[in-house]
Amino acid sequence: MARIEGVDLPRNKRIDIALSYLYGVGRANAKDILAKAQINPATRTQDLTEADIAHIRDVLQRDYRVEGELRKEVEMNIK
């Protein structure tokens, strides 16, 4: 099972759909992330290699704010 940013992605879904389970990642961002990581969006999550998952993590950490970091920023903006 792929675990990215502390979230277990569903195994039987396409990776472009599964990435939208991350807070702050929608369908458009998921496609951009996969393009930067050079991964086919039609690939199932269960078929990803550890190297593919590492590429996705690198792109997320380098270019996007998701999960805890984004939640914290939204909370601070509300306060």
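Residues are numbered from 1 along each chain as its sequence is written, and side-chain values use heavy atoms, with hydrogens and water left out. Because the model is predicted, local features need pLDDT of at least 70 and side-chain atom pairs count only at pLDDT 80 or more, while totals for chains, interfaces and linings use all residues.

Helix α2 spans residues 27-37; helices (H or I, at least four residues) and strands (E, at least two) are DSSP runs, numbered from the N terminus. Within α2, the residues A30, I33, L34 and A37 are buried, where buried means under 20% relative accessible area, exposed over 50%, and partly exposed in between (1.4 Å probe, protein chains only). Seen down the axis of α2, these buried residues fall within an arc of 95°, so they line one face of the helix. The arc is that of the directions from the helix axis to the C-beta atoms. An α-helix has 3.6 residues a turn, so residues three or four places apart point the same way. The exposed residues A28 and A35 are carried on the face of α2 turned away from its buried side.

A search of the whole structure finds seven salt bridges, each defined as a side-chain nitrogen of Lys or Arg within 4 Å of a carboxyl oxygen of Asp or Glu. One of them joins the side chains of D16 and R14, at 2.8 Å from N to O. D16 counts as buried because its relative accessibility is 1%, whereas R14, with a relative accessible area of 34%, is partly exposed. Another links E73 with R65 at 2.9 Å, N to O. In this pair E73 is partly exposed, with a relative accessible area of 28%, and R65 is partly exposed at 46%. A salt bridge also forms between K79 and E75, whose closest N and O atoms are 3.5 Å apart. K79 counts as exposed at 72% relative accessibility, and E75 as partly exposed at 45%.

On the surface, Y23, V74 and I78 form a nonpolar patch with about 270 Å² of accessible area together. Accessible areas come from the Shrake-Rupley method with a 1.4 Å probe, and for residues only the protein chains shown count as cover. Patches are made of residues with over 30% relative accessible area and no salt bridge; like charges are joined within 9 Å, and nonpolar side chains (Val, Leu, Ile, Met, Phe, Trp, Tyr) within 5 Å. I78 belongs to helix α4 (residues 67-78) and counts as exposed because its relative accessibility is 68%. Y23 also takes part in a contact with a charge: R71 lies over the face of Y23, at 4.1 Å from the ring centre. Such a placement requires NZ of Lys or CZ of Arg within 6 Å of the ring centre and within 35 degrees of the ring normal.

Positive phi values were also examined. Most residues other than glycine have a negative phi. E5, which is not a glycine, has a positive phi of about 55°. E5 is found in the loop between β1 (3-4) and β2 (7-8) and is partly exposed, with a relative accessible area of 32%. For E67, phi is positive and near 50°. E67 has its place in helix α4 and counts as buried at 11% relative accessibility.
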